[in-house]
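I opened my notebook beside the viewer today.

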Amino acid sequence: MIVVFGSINIDIEMRVDRLPQSGETLLCQDYLLSPGGKGANQACAAARTGAAVRLFGKVGEDSFADSALEFLSEAEVDLSGVETARGEHTGCATILVEPSGDNCITVGAGANLAARAEQVPDSVLTPETVLLLQMEVTAGENWRLVERAKKRGARILLNAAPAAMVPQDVLQSIDVLIANEVEGGHVAREVGIEEGAASRIPRALAQRYALTCILTLGGAGLISFGPDGGWSVPALPISPVDTAGAGDVFVGALAGALERRDAMPDALRFASVAAGLSCQKSGTQASMPVGEEVEAELARLPGSRKLA
C-alpha cells in the first residue's frame, strides 16, 4: 500500500501568450478549474497505475473542498484520512501556462498547513508500506512522520518540492529523494554540498546519506544514483501541451512501480513515460495516464544509460 501525507488544492489554470512582467495585467481567453495539490496529485497518479493508495491531509470549509477530491474518488484513492480544517480555506494554486507548455505557479496553502502527522495511524506504517511525502504541508509534521515510519520499517519517498531545507537526520532516514534541479541544488547547499554542475548532486547526496537520489531534468530526462547504481533516463519524446503536474505524475508513478517491487531502473523508466504522457493534455489530475497506457508507450522511450 502507498500512504500519501500531503497537500490538497484546487488549481486555477490560465493559458497566456507569455508570463506577465511586474505590475502588468494580461488577459486570456478562459481558465480551467481543476483538483490539484502535490499530495493529491501524487496520490492520484499512483492510484492510476493500479496501486492501493490512502491519502492523509486537510481540506477547508468551503465549496472547493468537494471539487478538490473529485478525481481522487474516481481513481479509488482511500480518502478516509482526509479531514476538514475548521475555519480554513481549501488550498488553492494559480497556474500560468505559456504556449511552450512551461508554467509558473503560486500556491495559497490554506488548510494544508493544518495537516498533522498524527492523522496517519501507526497501523498503516509497516514494512509493506511506501510512505510518500512532499513539501506543501508544515515541514515539522513531515519530519515527525518520517521518524515514526522509519521505526516501523516503511519505505520512505520524499519529493523535496517546493524547494526547502531538509534536515540531515531526515536525509539519513529516507530511502528515496526526488527533486528537480532547483530543489536538488537547494537541498545540497543546505547540507554544505557544493558540487558545481547539477548532474553531480544526486551522486553526492546518495553517497553521503545512503539513499537513492533522483534529479529530474524536464525534457532532458533524469539522473539517479543509489544502491542500484547510477542511471541516466531520457524523457519521452513529445510535443508538450501543458507541463503542470508532470513532476507529480513522475513521483506518483514511481511510487506505484516501487510498491509493486519493480527494480529501480525499471521504475524510473515507467515514471518517465507516465510524466511525458501527462504533458500531452491540459489540466493536472485529468491528464494522468493509467498503467496500461504507460506500459503501451514504454517502447517509445529511448534506452537508459548506466552511469559509472
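My entries on a serine, a strand, a helix and a helix pair follow.

**Ground rules.** I am working with a predicted model, where local features need pLDDT of at least 70 and side-chain atom pairs count only at pLDDT 80 or more, while totals for chains, interfaces and linings use all residues. Residues are numbered from 1 along each chain as its sequence is written, and side-chain values use heavy atoms, with hydrogens and water left out. Helices (H or I, at least four residues) and strands (E, at least two) are DSSP runs numbered from the N terminus.

**Entry 1: S7.** I found S7 in the loop between β1 (2-5) and β2 (9-15). Is S7 buried or exposed? S7 is buried, at a relative accessible area of 0%; buried means under 20%, exposed over 50% and partly exposed in between, with a 1.4 Å probe and protein chains only. A polar atom of the S7 side chain lies 3.0 Å from the backbone nitrogen of K38. Beyond its neighbours within four places in sequence, S7 has contacts that include G37, K38, G39, N112 and E136, contact being heavy atoms within 4.5 Å.

**Entry 2: β13.** Next I turned to strand β13 (residues 229-233), which is largely enclosed by the rest of the structure because four of its five residues are buried. Strand β12 (residues 222-226) pairs with β13 in the antiparallel sense over five bridges; strands pair if DSSP finds at least two bridges between them. A hairpin through two residues joins β12 to β13, and I noted S224 opposite W231 in β13. β13 also pairs with strand β14 (residues 305-307), antiparallel over three bridges, where G230 stands opposite L307.

**Entry 3: α7.** Which residues of helix α7 (residues 201-209) are buried? I listed I201, P202, A204, L205, A206 and Y209. Among the elements covering them are α6 (181-190), β11 (212-216) and β12. Just after α7, A210 takes a positive phi of about 55°.

**Entry 4: α8 and α9.** I ended on helix α8 (residues 246-259) and helix α9 (residues 264-278), which pack at an angle of about 145° with axes 8 Å apart. Axes are lines fitted to C-alpha atoms, for helices over the stretch in contact, and angles run from 0 to 180 degrees between N-to-C directions. The contact includes F250 and L254 of α8 and L268 and F270 of α9. Its residues divide into 14 nonpolar, two polar and no charged; Ala, Val, Leu, Ile, Met, Phe, Trp, Tyr, Cys and Pro count as nonpolar, Asp, Glu, Lys and Arg as charged, and the others, Gly among them, as polar.

How values were computed:
A polar contact is a pair of N or O atoms within 3.5 Å; within protein, one must be able to donate a hydrogen and the other to accept it, and residues adjacent in sequence count only if both atoms are side-chain atoms.
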